Amino acid sequence: MKKFLVMSPLLFLFAGCRSDEQVARDNEASSDISITTTSEVKNPDGDGKTLVAYFSHPVGTELDVTTGASVMEVNGEYLGLVEQTANWIADDVKADRFQIQANKVYPDDVGALIGEAIDEKNESQRPELASEIDNFDQYETIYLGYPIWNGDFPMAFYTFLESYDFAGKTVIPFNVHGGSGLAGTVETVNAELPDATVVSNALSISRNNIADSQQEVLDWVEEVRE
Ligand SMILES: Cc1cc2nc3c(=O)[nH]c(=O)nc-3n(C[C@H](O)[C@H](O)[C@H](O)COP(=O)(O)O)c2cc1C
């Protein structure tokens, strides 16, 4: 069974109004946690030339709209919505897949998470990544997946874009969002990767529709591969 969970837009407002004391408490809490994130290129059936690289951060595991959770349960595993989309694409095009993860533990509480992401954005942070791709040169086509965080990429996604040489590669963006659509991110990919060919027909799916969107994703893949 798939569960689909929705984040209240009000949480963005509450997160923006955190007191200094709250920020300090959250920072203290998150710095106490040891790093457990890992990611590596997964290659169940890849062609060695196509990569799906995505940032995805599943929030929550229970069906409760008041928590702001945003996950899908697939075969007993909780996946982020961008991750599920990335899996559909990678299975279809026979791509390697790589999850972009910051080398830090974000707060479980969604309000604190949004607040931390706002702090990262306001300070133009580039969080260190949990792992890297050894053989990036081999990829010719790279599908780039991301959620919208505070009207932008998560800052760790910028770290990824700025860590590799994309010259000569074809880049195909896709995102899942909570109402903001692409939020100008295709233009940002173009600005960040001036030597890549960035496909303008990016896929953008609302999290409210993701559970029923596999066919839309596959149809889009057919379009952008032509
Ligand atoms: C920190 C944070 C900030 C977010 N900011 C926005 C936003 O500005 N606009 C929007 O449409 N959705 C926003 N969202 C919702 C995510 O884009 C949406 O839930 C997306 O599906 C998450 O993908 P994931 O489950 O793969 O991480 C935000 C979510 C988080 C966790």
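## Two loop residues with positive phi

Lys94 sits in the loop that runs between helix 3 and strand 4 (96–100), in what is a predicted model. Although Lys94 is not a glycine, its phi is positive, at about 60 degrees. Most residues other than glycine have a negative phi. With a relative accessible area of 38%, Lys94 is partly exposed.

A second residue of this kind is Asn150, which is placed in the loop between strand 5 (141–147) and helix 5 (155–161). Its phi is near 50 degrees, again a positive value in a residue other than glycine.

## The ligand and its surroundings

The ligand is surrounded by 22 residues, and the closest of them are Ser56, Val82, Ile148, Gly178 and Ser180. Sorted by class, this shell holds 11 nonpolar residues, 10 polar residues and one charged residue.

One is a polar backbone atom of Val82, which is 2.7 Å from an oxygen atom of the ligand, and another is a polar backbone atom of Gly179, found 3.0 Å from a ligand oxygen. On the side-chain side, an N or O atom of Ser180 is 2.7 Å from a nitrogen atom of the ligand. The ligand taken alone would expose 640 Å², of which the protein buries 96%. Two or more shell residues come from each of helix 3 (81–93), helix 4 (110–122) and strand 6 (170–177), and helix 4 contributes the most, with three residues.

## The chain as a whole

The protein chain contains seven helices and eight strands. Of its 226 residues, 50% count as buried, while the chain exposes about 10,900 Å², with carbon and sulfur atoms supplying 45% of that area.

## Confidence in the prediction

The average pLDDT of the protein chain is 82, and 78% of the residues score at least 70. Residues 1–37 have a pLDDT below 50, and this stretch has 65 contacts in the model beyond near neighbours in sequence. The pLDDT is also below 50 over residues 63–68, a stretch with 14 contacts in the model when near neighbours in sequence are set aside. Where pLDDT is low, the predicted coordinates should not be read in detail.

Notes:
Residues numbered from 1 in each chain as written. Predicted model: local features only at pLDDT ≥ 70, side-chain atom pairs only at ≥ 80, totals over all residues. Heavy atoms only, no water. Near = heavy atom within 4 Å. Polar contact = N/O pair within 3.5 Å; in protein donor to acceptor, adjacent residues only side chain to side chain. Areas by Shrake-Rupley, 256 points an atom, 1.4 Å probe, with all protein chains shown as cover. Helix = DSSP H or I, 4+ residues; strand = E, 2+ residues; numbered from the N terminus. Nonpolar A, V, L, I, M, F, W, Y, C, P; charged D, E, K, R; others polar. pLDDT = per-residue confidence, 0-100. Contact = heavy atoms within 4.5 Å. Buried < 20%, exposed > 50% of the residue type's maximum accessible area, 1.4 Å probe, protein only.
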